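Student: I'd like to go through this model with you, one question at a time. Can we start with a single residue and then work up to the whole chain?

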Amino acid sequence: GSQGIQGPTGSTGPTGATGATGATGPTGLTGPTGTTGPTGATGATGATGATGVGYSGTTSTTSTTIGTGSKAFTVASTGAYVIGDRVRVVNTGSSSNYMEGVITALTTNTSITVNVDTVGGSGTLAAWTISISGNVGATGATGATGNTGTQGIQGPTGSTGPTGATGPTGPSFSTYRAGSGVTTGTKSGSNTYTVTYSSAMSTATNAISVSLHGAQNPGVPSTTSVQAIIAIVSQTTGGFTFEFINANGGAVLATTASTLVVDYVAMPPL
C-alpha cells in the first residue's frame with residue numbers, strides 16, 4: 001500500500017567529545033600598513049647648557065711697545081684662542097693703537113705670544129684687549145694705470161757744478177809747425193819736393209800731414225790706373241821731403257811741376 005506519514009523528529013542526542021586539534025595552517029599574506037597616527041605633543045625644553053669660554057674678556061696689563069715681531073702678553077684667561085688664530089691686540093684706552101698678527105705660542109690662562117705683522121699708532125702701553133681677527137686677504141689685481149697728469153712747472157735751475165779738472169796742455173808752437181800756402185823748394189831729381197820749417201823743431205820724428213794748396217797739377221800721369229797720393233820721403237828738425245806715389249801698387253810717380261804750394265802740419269808723436 002502507500003507510504004505512511006513521516007513521524008516527528010526525535011530530540012537531539014548529547015554532543016560527542018571534542019576531537020583532537022588539527023595542524024596549524026600556513027600564515028596568510030601581510031596586510032597593508034595602516035595610516036600614520038597623529039604626532040604626539042612636544043616635550044618640555046631641556047635646561048640651557050653652560051656658556052662656552054668664547055673670545056671675549058681676554059685682557060693683559062703687560063707693558064709693550066707697539067711694533068712688529070714676537071710679542072708676549074700675560075693673561076688671566078686665554079678664552080677659546082688656539083695657536084694659529086689671527087688676533088688684534090688693541091690698547092684699551094685708544095683703538096688707534098693696536099698690533100695684529102698670528103698666535104705662535106699659548107699657555108692656558110697664563111700667556112699668549114703673537115707674531116705681529118701689522119701695527120697702528122705708537123708708544124709703550126700696558127692696557128690691552130685681545131680679540132679675534134680675520135686673516136689678511138690676498139692682494140687684489142693691479143688696477144689700470146691712470147691718465148698722465150699735466151706736467152708741473154719747471155723747477156729752478158740748479159747751482160753750477162764744480163769746474164772739471166784741467167785737461168792736458170795742447171801742443172805749443174815750440175813743439176809743432178804748420179804752414180798754409182807754403183811754396184816748396186825746387187824739385188830735386190825727378191820727383192822729390194822739400195818743405196822747410198820757419199824754425200827748427202826739437203825732434204826729427206814727427207807726424208806730418210801735407211796737401212796741395214788749392215787746385216794744382218803736379219804733372220803726374222793722368223790715367224785711370226794712376227791714383228796719385230803724397231808720401232813723406234824723409235824728415236829732419238828743419239823740414240821734410242815728399243813725393244807722389246801711385247796708390248795702386250805704391251810705385252813712385254814722376255812729376256813735371258818744379259815747385260808746388262802746399263799746406264802742412266808737423267807734430268811730434270804724443
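Student: Is Ala47 buried or exposed?

Tutor: Before that, a word on ground rules: this is a predicted model, with local features needing pLDDT of at least 70 and side-chain atom pairs counting only at pLDDT 80 or more, while totals for chains, interfaces and linings use all residues. Residues are numbered from 1 along each chain as its sequence is written, and side-chain values use heavy atoms, leaving out hydrogens and water. Now, buried means under 20% relative accessible area, exposed over 50%, and partly exposed in between (1.4 Å probe, protein chains only). Ala47 has a relative accessible area of 80%, so that residue is exposed.

Student: Where does Ala47 sit relative to β1?

Tutor: Strands here are DSSP runs of E with at least two residues, helices are runs of H or I with at least four, and both are numbered from the N terminus. β1 covers 58–60, and Ala47 lies in the segment before β1.

Student: How many helices and strands are there in the chain?

Tutor: Reading from the N terminus on, the elements run β-β-β-β-β-β-β-β-β-β-β-β-β-β. That gives 0 helices and 14 strands.

Student: What radius of gyration does the chain have?

Tutor: The radius is taken over C-alpha atoms, and the globule rule is 2.2 Å times the number of residues to the power 0.38. Along its principal axes, the C-alpha trace spans about 205 × 95 × 40 Å. A compact globule of 270 residues would come out near 18 Å, but this chain has 63 Å.

Student: How far apart in space are Ala47 and Ala247?

Tutor: In sequence, Ala47 and Ala247 are 200 residues apart. Going C-alpha to C-alpha, the distance between them is 121 Å.

Student: What percentage of the 270 residues count as buried?

Tutor: The accessible surface comes to about 18400 Å², with 54% of it belonging to carbon and sulfur atoms; the areas come from the Shrake-Rupley method with a 1.4 Å probe, and for residues only the protein chains shown count as cover. As for the residues of the chain, the buried share is 24%.

Student: How many salt bridges does a search of the whole structure find?

Tutor: Side chains of opposite charge can pair when their charged atoms come close. The cut-off for a salt bridge is a side-chain nitrogen of Lys or Arg within 4 Å of a carboxyl oxygen of Asp or Glu. With that rule, the search finds 3.

Student: Which residue forms a salt bridge with Arg86 at 3.0 Å?

Tutor: Arg86 belongs to strand β4 (residues 86–91), and its partner is 14 residues away in strand β5 (residues 98–107). Both residues of the pair are buried. The closest N and O atoms are 3.0 Å apart, and the partner is Glu100.
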